[in-house]
Amino acid sequence: MAVALVQEFKITNDDRTTTNYDHIVGRLDLDSNPPDGLIAQTAGWDEQAGVFRIVAVWNSADDAQAFMRDRLGPILAEGPVNPVEREEPDLESMYELHHLVRGR
């Protein structure tokens with residue numbers, strides 16, 4: 001069953017820095033080497049909610065958890081490039097999708 005993984009980081013002090021996110025995405029090489037089971041991944045500012053939101057859609061929770069453990073975890077363990085920014089999301093949620101339309 002496909003799942004969505006949502007992470008949100010609150011905007012603090014009007015900071016829109018994406019240094020840590022950009023560094024991690026670059027290290028993961030998501031564009032050239034997407035992880036097994038990833039359907040789509042997005043990130044951006046939701047000004048109305050006051051957050052930087054990352055949304056990833058996966059074929060299964062197992063795929064998402066394997067990625068977080070095996071590829072993302074070791075990079076996060078190195079620490080942030082910009083230590084002023086937070087490391088932990090203010091919200092992290094995974095849920096099964098009732099409906100998913102895959103584009104062509």
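How many nonpolar, polar and charged residues does the lining of the largest pocket have, by class? I looked this up and found 25 nonpolar, nine polar and seven charged residues, where Ala, Val, Leu, Ile, Met, Phe, Trp, Tyr, Cys and Pro count as nonpolar, Asp, Glu, Lys and Arg as charged, and the others, Gly among them, as polar.

Before going on, I note that this is a predicted model, in which local features need pLDDT of at least 70 and side-chain atom pairs count only at pLDDT 80 or more, while totals for chains, interfaces and linings use all residues. Residues are numbered from 1 along each chain as its sequence is written, and side-chain values use heavy atoms, with hydrogens and water left out.

**The pocket.** I read that the largest pocket holds about 920 Å³ of space. A pocket here is an open set of points on a 1 Å grid over the protein atoms alone, where a 1.4 Å probe fits, with protein on both sides within 12 Å along at least five of seven lines, and lining residues have an atom within 4 Å of a point. The volume is the space filled by probe spheres set on the points. Of the 41 lining residues, Phe-9, Tyr-21, Ile-24, Ile-54 and Glu-87 are the closest to the centre of this pocket. I then looked up the elements, which are DSSP runs numbered from the N terminus, helices being H or I with at least four residues and strands E with at least two. Those giving two or more residues to the lining are β1 (3-10), α1 (19-28), β2, β3 and α2 (61-77), and the largest share, six residues, comes from α1.

**Helix α1.** I found Asn-20, Tyr-21, Ile-24 and Leu-28 buried in α1, buried meaning under 20% relative accessible area, exposed over 50% and partly exposed in between, with a 1.4 Å probe and protein chains only. They cover an arc of only 100° around the axis, which puts them on the same side of α1; the arc is that of the directions from the helix axis to the C-beta atoms. Their cover includes β2, β3 and α2, and Leu-28, leaving aside its neighbours within four places in sequence, is in contact (heavy atoms within 4.5 Å) with Asn-33, Phe-67, Arg-71, Leu-72 and Ile-75. After α1 comes Asp-29, whose phi is positive, near 55°.

**Ala-49.** I located Ala-49 in the loop between β2 (38-46) and β3 (51-58), where this residue is partly exposed at a relative accessible area of 45%.
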